[in-house]
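Here's a quick walk through the packing in this one, starting with the core and moving out to the helices. Have the viewer open as you read.

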Amino acid sequence: MSDKTKDVPLVDCHAHVYTTDMPLSATAWHHPPADATIEQYIATLDQHGVQYAVMAAASLYDDYNEYMIESTVKHKHRLRTTAIVKPSIDPYVMRMMRDDGVVGVRLQWRNVKSLPDITTPEYRKFFRRVRDLDWHVHINQSGELLDAPLTALEATGVKIVVDHFGHPQKGKGAACAGQQAIIRSVAKGRTWVKLSAAYRLESLDIAEACARELLKHCGPERLLWGSDWPFAAFEDKATYADCVAAFKHCVPDGSARRIIGGETPMRLYFI
């Protein structure tokens with residue numbers, strides 16, 4: 001193993017790719033200033049020695065998943081993706097998406113004013129199909145609002161992945177009720193947490209404190225790392241190198257980092 005790759009994550013578990021001519025959702029919270037193409041992302045991974053990646057569906061484009069799926073087909077050996085879909089999606093389409101590299105669905109609920117009731121018969125059937133495909137449900141929600149959806153998702157038996165440290169509530173950090181909800185959910189055996197987008201938290205110290213608490217109670221086997229490239233709304237404030245450095249800061253133990261950045265995501269997404 002070269003010096004370039006021996007102390008960087010093997011898998012980036014959170015990134016987006018898109019082009020500015022893609023149809024934005026009516027509720028898009030950000031208008032990207034430039035393309036973030038799959039070619040640019042692959043070049044960024046190569047530049048930093050990261051071998052694999054799992055892309056996250058971007059709420060900016062609602063259920064327009066075509067570009068990400070085309071990217072996973074083109075780079076099937078090293079890419080996976082999640083998708084945003086309606087619960088009424090045809091199960092045969094879901095199976096085709098699985099064959100094209102989709103590994104889960106994303107609930108992008110943070111700052112969304114009107115949330116669906118995921119306990120309805122339609123959603124219960126949908127989550128059963130997600131479970132049958134061995135997919136994961138990725139949830140992006142503010143920490144103080146995580147408890148109820150985690151409980152509802154746990155009841156369906158799906159695997160759950162919580163984005164961005166669980167977005168701890170401002171002023172509370174690791175003491176946020178959402179962090180405790182995450183820890184309880186992880187203990188039930190089907191939940192993982194991404195140590196991703198530390199730059200979106202109040203401070204790197206808050207990210208470090210949350211990572212320390214999650215590592216203590218959940219262990220590295222239930223944690224993942226992600227860059228959040230291309231840093232939507234922070235395009236001129238964050239870099240990929242910053243995100244790798246933040247991971248090392250938050251998880252100073254090299255052995256734990258190798259599990260979080262390599263062994264755990266490889267088992268969850270690639271093996």
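## The nonpolar cores

The largest nonpolar core has 77 residues, and the ones touching the most other members are Tyr-41, Phe-126, Ile-139, Leu-153, Phe-165 and Tyr-240. Helix H8, covering residues 240-250, gives the most to this core, with six residues. Keep in mind that this is a predicted model. As background, nonpolar side chains in soluble globular proteins tend to be buried together.

Setting aside residues up to four places away in sequence, Phe-126 touches Val-85, Lys-86, Pro-87, Ile-89, Met-94 and Val-105. There's also another core lying apart from the largest one, made up of 11 residues, including Val-11, Val-54, Val-161 and Met-266.

## H6 against H7

Next up, the helix pairs. Two packed helices are described by the angle between their axes and the distance between the axes. For helix H6 (residues 177-187) and helix H7 (residues 204-218), the angle is about 25° and the axes are 10 Å apart. Angles under 35 degrees count as roughly parallel, and H6 and H7 are therefore roughly parallel to each other. The crossing of H6 past H7 is right-handed.

Who's actually meeting whom? From H6 you get Gln-179, Ile-182, Ile-183 and Val-186, and across from them in H7 are Cys-210, Glu-213, Leu-214, His-217 and Cys-218. By type, this H6 and H7 contact splits into six nonpolar residues, two polar and one charged.

## H5 against H6

H6 has a contact with helix H5 (residues 147-156) too: this pair packs at about 15°, with axes 9 Å apart. That angle makes H5 roughly parallel to H6. H5 and H6 also cross in a right-handed way.

On the H5 side, the contact involves Asp-147, Leu-150 and Glu-154, which meet Ala-181, Ile-182, Arg-184 and Ser-185 in H6. The residues here come out as three nonpolar, one polar and three charged.

## A buried threonine in a loop

Last stop: Thr-37, in the loop between strand E1 (11-12) and helix H1 (38-48). Is Thr-37 buried or exposed? With a relative accessibility of 14%, Thr-37 counts as buried, because buried means under 20%.

What does Thr-37 contact, leaving aside neighbours within four places in sequence? The partners are Val-17, Tyr-18, Thr-19, Tyr-67 and Trp-229.

How values were computed: Residues are numbered from 1 along each chain as its sequence is written. This is a predicted model: local features need pLDDT of at least 70, side-chain atom pairs count only at pLDDT 80 or more; totals for chains, interfaces and linings use all residues. Side-chain values use heavy atoms; hydrogens and water are left out. Axes are lines fitted to C-alpha atoms, for helices over the stretch in contact, and angles run from 0 to 180 degrees between N-to-C directions. Helices (H or I, at least four residues) and strands (E, at least two) are DSSP runs, numbered from the N terminus. Angles under 35 degrees count as roughly parallel, over 145 as roughly antiparallel, 65 to 115 as roughly perpendicular and the rest as oblique. A crossing is left-handed if the near helix is turned anticlockwise from the far one by less than a right angle, and right-handed if clockwise. Contact means heavy atoms within 4.5 Å. Ala, Val, Leu, Ile, Met, Phe, Trp, Tyr, Cys and Pro count as nonpolar, Asp, Glu, Lys and Arg as charged, and the others, Gly among them, as polar. Buried means under 20% relative accessible area, exposed over 50%, partly exposed in between (1.4 Å probe, protein chains only). A nonpolar core is a set of buried Ala, Val, Leu, Ile, Met, Phe, Trp, Tyr and Cys residues joined through side-chain atoms within 4.5 Å.
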